[in-house]
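Here is a short walk through one protein chain, written for someone who has the coordinates open. Follow along in the viewer as the text moves from pair to pair.

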Amino acid sequence: MADPTNHNQAGEVAPSTVDQQAPSVAEEHAPSTDSPEATDIPTANAPDPKAANPEDNPNAAKPAASPKREKPAAAAKAAKGEKPADDDATEEKPAAAKAAKKEKAPAVENKPFVEFIEQDYLPALQKAIAQKGVQDLQVSFAKQKMPITGFESAEECWQIIGSWSEIGKRQFNLYFPDEDIQGKKGFSCNEGKKPSTLESFLIDERKITLDLLVYGLVQRLDGQKWLGRN
């Protein structure tokens, strides 16, 4: 009679060696229920994390981003504990400097009337007339009565008086009754006699400039045949 302790009960099939080992293998590779943990059980669809191309393998390890390099000025400020200025503000400074350079200096014609005549017009006029061959020109600027017959009762006005002694004494007067180069202007000239005619001067010009004021008077004196070889 067979020993009942060495045989299973009737109707039961004894487990195979593989079935006996399966639970222990499964337990060895099963993940812990306490915290998620990766297993070393290979899967057919998971790509190798060590693959070189991250585009082909989304699980590939990505290289660490390189630290941002600070500009020397920003690094110096950071070392001193100062807050570095924004890049936008730094870019605006050169643009502002260029805009400042492009701004034109104020025109000399915008100076006060007397200041413009004394500092700019008289020196430019003397130079232009000297270039025409007149060497002994004397120029003055004064507020006085007009030396013209019939204007004895007129008010005093600013005028430029120029004279030289080539072939007798020649004198011209340029008048500014409005004390403004853009206002009314008059002209008279004589050779040793009191002038009798007051001419309008540069009345057709919309805007008077230093160069135009010099050119207009030189042209008028040249028309009088007082300059050069005349």
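Let's start at Lys143, which is partly exposed, with a relative accessible area of 39% (buried means under 20% relative accessible area, exposed over 50%, partly exposed in between, with a 1.4 Å probe and protein chains only). Before going on, a word on the model: it is predicted, so local features need pLDDT of at least 70 and side-chain atom pairs count only at pLDDT 80 or more, while totals for chains, interfaces and linings use all residues. Residues are numbered from 1 along each chain as its sequence is written, and side-chain values use heavy atoms, with hydrogens and water left out.

**Salt bridges**

Which residue meets Lys143 in a salt bridge? The partner is Glu179, at 3.0 Å from N to O; a salt bridge here is a side-chain nitrogen of Lys or Arg within 4 Å of a carboxyl oxygen of Asp or Glu. Lys143 belongs to strand 1 and Glu179 to the loop between strand 3 and strand 4 (186-190), so this pair links distant parts of the chain, 36 residues apart. Helices (H or I, at least four residues) and strands (E, at least two) are DSSP runs, numbered from the N terminus. Glu179 is partly exposed too, with a relative accessible area of 36%.

By this rule the count comes to five salt bridges. Three of them, including the one just described, are set out here.

| Glu179 | Lys143 | 3.0 Å |

Glu191 sits in the loop between strand 4 and strand 5 while Arg170 is in strand 3, so the contact ties together parts that are 21 residues apart in sequence.

Five strands form an open sheet in the order 1-2-3-4-5, with antiparallel pairing; two strands pair if DSSP finds at least two bridges between them. Strand 1 (138-144) and strand 5 (199-200) are the edge strands, each pairing on one side only. Helix 4 (residues 113-130) packs on the sheet, touching strand 1, strand 2 and strand 3 (170-176), and its direction makes about 150° with that of strand 1. Contact means heavy atoms within 4.5 Å, and the axes are lines fitted to C-alpha atoms, for helices over the stretch in contact, with angles running from 0 to 180 degrees between N-to-C directions.

How many bridges join strand 1 and strand 2? There are seven, in the antiparallel sense, with strand 2 spanning residues 157-164. Gln144 stands opposite Cys157 in strand 2. Strand 2 is also joined to strand 3 by seven bridges, again running antiparallel, and Ile160 has Leu174 in strand 3 as its bridge partner. Leu174 in turn stands opposite Phe187 in strand 4, where strand 3 and strand 4 pair over five antiparallel bridges.

Is strand 3 enclosed or open? Six of its seven residues are buried, so strand 3 is largely enclosed by the rest of the structure.

**The chain as a whole**

Stepping back, the protein has five helices and five strands, following the pattern α-α-α-α-β-β-β-β-β-α along the sequence. Buried residues make up 22% of its 230 residues. Of the contacts with a separation of 6 or more, 42% come from residues 24 or more positions apart.

Gly228 is in the segment after helix 5 and is partly exposed, with a relative accessible area of 42%.

As for confidence, the mean pLDDT (the predictor's confidence in each residue, from 0 to 100) is 74, and 53% of the residues reach 70 or more. Over residues 4-10 the pLDDT is below 50, and this stretch has three contacts in the model beyond near neighbours in sequence.
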